[in-house]
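Grab your viewer and let's work through a few packing exercises. Each one sets a task and then walks through a solution.

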Amino acid sequence: MVTKAPRRMASAVVAASLLVLGLAACGGTTKDSAASAPPAAAPASSAPAKADPNAPIKEGLKIAFLPKQINNPYETIVDKAGIEAAAEYKGEAKEVGPSDASASSQVSYINTLTQQGHDAILIAANDANAVCGPLQQARAKGIKIVAYDSDASKDCRDLFINQANSEEIGRSQVQLLADMIDHKGEIAILSATANATNQNTWIEFMKDELTKPEYKDMKLVKVAYGDDDDQKSFQETQGLLQAYPDLKGIISPTTVGISAGARYISGSKYKGKVVLTGLGTPNQMRQFVKDKTVQKFALWNPKDLGYLASYAAAALASGQITGAEGEVLKAGKLGERTIGKDGEIILGPPFTFDAANIDQFDF
């Protein structure tokens with residue numbers, strides 16, 4: 001396991017903020033039995049929680065990061081930063097998770113973390129609904145749930161830490177590609193899993209953006225799914241290029257997908273002919289930018305996403321916030337963030353990387 005047109009994203013304010021940021025298996029119940037368990041209702045007698053903004057963060061908080069899959073390079077960066085943030089507020093943090101990104105693969109881990117009595121579980125959901133029952137059971141035991149990167153159903157978590165505004169991400173990906181193919185030609189999308197909440201939301205905004213008059217000469221011919229698996233994403237890229245010989249561009253809004261796609265294109269006859277863009281990390285994409293396989297791509301700082309999610313979990317578990325709209329989260333070195341509708345906190349705008357600036361970043 002990302003936006004305004006490039007000209008707008010490269011504004012002085014965004015560039016300056018990103019420059020600073022850049023420098024700067026478990027046991028448990030089986031997946032099937034857990035997935036079939038009904039959601040546990042919250043205690044009926046409990047009164048609505050009330051935030052105390054001046055409450056100190058409790059020492060010794062136990063939190064756990066549950067990524068889409070344990071070997072996803074992007075999510076490894078996010079989770080490591082969140083674990084390091086926990087040390088700042090004297091908490092204990094760890095990362096656990098499945099090796100695949102299937103819809104129900106996270107269920108047994110949620111159950112185990114619940115049994116272990118963690119104060120908070122942070123999850124990048126593979127499927128918004130498949131994890132809902134177990135998360136509700138965890139909440140009924142007083143465990144705070146923070147979704148990050150890819151949201152769970154809003155009824156099953158307390159907060160969602162969104163890397164950037166979803167509409168902005170989706171529309172800007174189309175804008176970025178359109179500028180590079182002169183607003184003409186067939187295009188495709190190489191996504192992660194078919195159930196990934198964030199990917200599907202972004203894709204819907206991409207499709208809507210393409211209905212605008214300025215894209216009348218562009219046509220979306222296929223949405224392919226690489227399942228956030230490197231080899232499958234590589235093969236899906238190959239399949240797209242063989243099935244659509246007139247393809248002009250591919251958007252891959254997933255770090256696994258864009259790097260696998262770039263690796264295929266870089267050694268193929270399509271290099272220099274088919275434009276690839278999407279969401280990736282600078283260290284992952286540097287070689288493909290320098291060999292001109294990829295001109296431009298976008299992302300936010302994943303370290304800051306993990307840091308923000310960690311502080312959000314700590315604030316919830318300490319009673320500083322409840323997740324209500326309008327509350328203010330104090331997020332350490334990142335400053336304050338206001339909680340929006342449906343418990344969403346946005347990290348900030350994405351940034352466009354290219355040959356001129358990519359060496360200024362190391363993540």
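Predicted model: local features only at pLDDT ≥ 70, side-chain atom pairs only at ≥ 80, totals over all residues.

Residues are numbered from 1 along each chain as its sequence is written, and side-chain values use heavy atoms, with hydrogens and water left out.

**Exercise 1.** Work out the strand order of the open four-stranded sheet and find which strands stand at its edges.

*Solution.* 
Step 1: Helices (H or I, at least four residues) and strands (E, at least two) are DSSP runs numbered from the N terminus, and two strands pair if DSSP finds at least two bridges between them.
Step 2: Reading across gives β7-β6-β8-β9, with parallel pairing.
Step 3: β7 (218-225) and β9 (275-278) each have a single partner strand, so one side of each lacks a neighbour in the sheet.
Step 4: From one strand to the next, the twist averages 20°.

**Exercise 2.** How do helices α9 and α10 cross, and which residues make the contact?

*Solution.* 
Step 1: The axes of α9 (residues 230-243) and α10 (residues 255-266) come within 8 Å and cross at roughly 55°.
Step 2: That makes α9 oblique to α10 (under 35 degrees is roughly parallel, over 145 roughly antiparallel, 65 to 115 roughly perpendicular, the rest oblique).
Step 3: The crossing is right-handed, meaning the near helix is turned clockwise from the far one by less than a right angle.
Step 4: Contact (heavy atoms within 4.5 Å) involves residues including F234 and L241 of α9 and Y264 and I265 of α10.
Step 5: Also, α10 lies across β6, β8 and β9, running at about 165° to β9.

**Exercise 3.** Repeat the analysis for α7 and α8.

*Solution.* 
Step 1: Helix α7 (residues 166-180) and helix α8 (residues 197-209) have axes that come within 7 Å and cross at roughly 50°.
Step 2: So α7 is oblique to α8, and the crossing is right-handed.
Step 3: Among the residues that meet are I169 and V174 in α7, and W202 and F205 in α8.

Definitions and conventions:
Axes fitted to C-alpha atoms, helices over the stretch in contact; angles between N-to-C directions.
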